[in-house]
Amino acid sequence: VRTQILSLVVEFGATSIGEMSFDGCDKLTSVTISDSVAKIGHFAFGGCRNLISMTIPESIVSIDYGAFNGCDNLHSILVDTGNENYTSVNGVLFDKACTTLIAYPVGKSEDTYKIPDGVTRVGEYAFCGGRNLNDVAIPKSVTSIGWYAFENCNRLKSVTIPEGVISIEEGAFSG
């Protein structure tokens, strides 16, 4: 039964972690991904409620939306400094240029977060389930808010959407 998995090592040779591969493995606390893996699929680790941190290796070139959705205790996503496609700022996952915020770990204890200036897009499911967040400051540089970006951020009290936002996708603030 896959929900009993406590620790996961994706060894050398695997090239991708497919869509929903470990979805619902709610006892999973630790993941090690080899440098042969290039892609992490949609919701690959969705619902891994006890996953605490994730390290993205240098080899990853694609992380699909919602890869860490439902990881209630995830407090940091770290990226190998040699990765050419992604970076992490204070445990938050961005594309390398820091123009797209990809995933905010919903297990972070802070109740406020200021999206860095220069970010133009809040990605799909980026803050989804952010149970501790009361306030998220969106900078004027943001022009797009992706699908379900703030879904089920139940403690979020107010959001100011800057004048430059031209696209708010489906379900961006649902729940």
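This is a predicted model: local features need pLDDT of at least 70, side-chain atom pairs count only at pLDDT 80 or more; totals for chains, interfaces and linings use all residues.
Me: Is Cys-25 buried or exposed?

Reply: Cys-25 counts as buried, because its relative accessibility is 0%.

Me: And how far is Cys-25 from Cys-71?

Reply: The two C-alpha atoms are 9.9 Å apart in space, while Cys-25 and Cys-71 are 46 residues apart in sequence.

Me: Let us step back. How many helices and strands are there?

Reply: The protein has 15 strands and 0 helices.

Me: What about the overall dimensions?

Reply: Along the principal axes, the C-alpha atoms fill a box of roughly 45 × 30 × 25 Å. The radius of gyration is 15 Å, which agrees with the value near 16 Å that a compact globule of 175 residues would have.

Me: What share of the residues is buried?

Reply: Of the 175 residues, 47% are buried. The cut-off for that class is under 20% relative accessible area.

Me: Salt bridges next. How many are there?

Reply: The structure holds 4 salt bridges. One of them joins the side chains of Asp-64 and Lys-39, at 3.4 Å from N to O.

Me: Which parts of the chain does that pair tie together?

Reply: Asp-64 lies in the loop between β6 (62-63) and β7 (76-79), and Lys-39 lies in strand β4, so the pair ties together parts that are 25 residues apart in sequence.

Me: Are the two partners buried or exposed?

Reply: Asp-64 is buried, with a relative accessible area of 16%. Lys-39 is partly exposed, at 36%.

Me: Which residue does Lys-114 pair with?

Reply: Lys-114 forms a salt bridge with Asp-117, and the closest N and O atoms are 3.5 Å apart. Lys-114 is exposed, with a relative accessible area of 52%. Asp-117 is exposed as well, with a relative accessible area of 61%.

Me: And the partner of Glu-124?

Reply: Glu-124 forms a salt bridge with Arg-121, with 2.4 Å between the closest N and O atoms. Arg-121 is partly exposed, with a relative accessible area of 22%.

Me: Where does Tyr-125 lie, and is the residue buried or exposed?

Reply: Tyr-125 is in the loop between β12 (121-122) and β13 (135-137). Tyr-125 is buried, because its relative accessible area is 16%.

Me: What about phi of Tyr-148?

Reply: Phi of Tyr-148 is near 50°, again a positive value in a residue other than glycine. Tyr-148 is placed in the loop between β14 (144-145) and β15 (167-168).

Me: How far is Gly-146 from Leu-78?

Reply: Their C-alpha atoms are separated by 22 Å, and the two residues are 68 residues apart along the chain.

Me: And Ile-161 from Ala-137?

Reply: Those two are 8.8 Å apart in space, C-alpha to C-alpha, and 24 residues apart in sequence. Ala-137 is found in strand β13 and is partly exposed, with a relative accessible area of 32%.

Me: Which residues form the negative patch?

Reply: Asp-35, Glu-58, Asp-80 and Glu-84 form the negative surface patch. Of these, Asp-35 is found in the loop between β3 (30-33) and β4 (39-40).

Methods:
Residues are numbered from 1 along each chain as its sequence is written. Side-chain values use heavy atoms; hydrogens and water are left out. Patches are made of residues with over 30% relative accessible area and no salt bridge: like charges are joined within 9 Å, nonpolar side chains (Val, Leu, Ile, Met, Phe, Trp, Tyr) within 5 Å. Accessible areas come from the Shrake-Rupley method with a 1.4 Å probe; for residues, only the protein chains shown count as cover. Lys and Arg count as positive and Asp and Glu as negative; His and the chain ends are not counted. The place of a charge is taken as NZ of Lys, CZ of Arg, CG of Asp or CD of Glu. Helices (H or I, at least four residues) and strands (E, at least two) are DSSP runs, numbered from the N terminus. The radius of gyration is taken over C-alpha atoms; the globule rule is 2.2 Å times the number of residues to the power 0.38. Buried means under 20% relative accessible area, exposed over 50%, partly exposed in between (1.4 Å probe, protein chains only).
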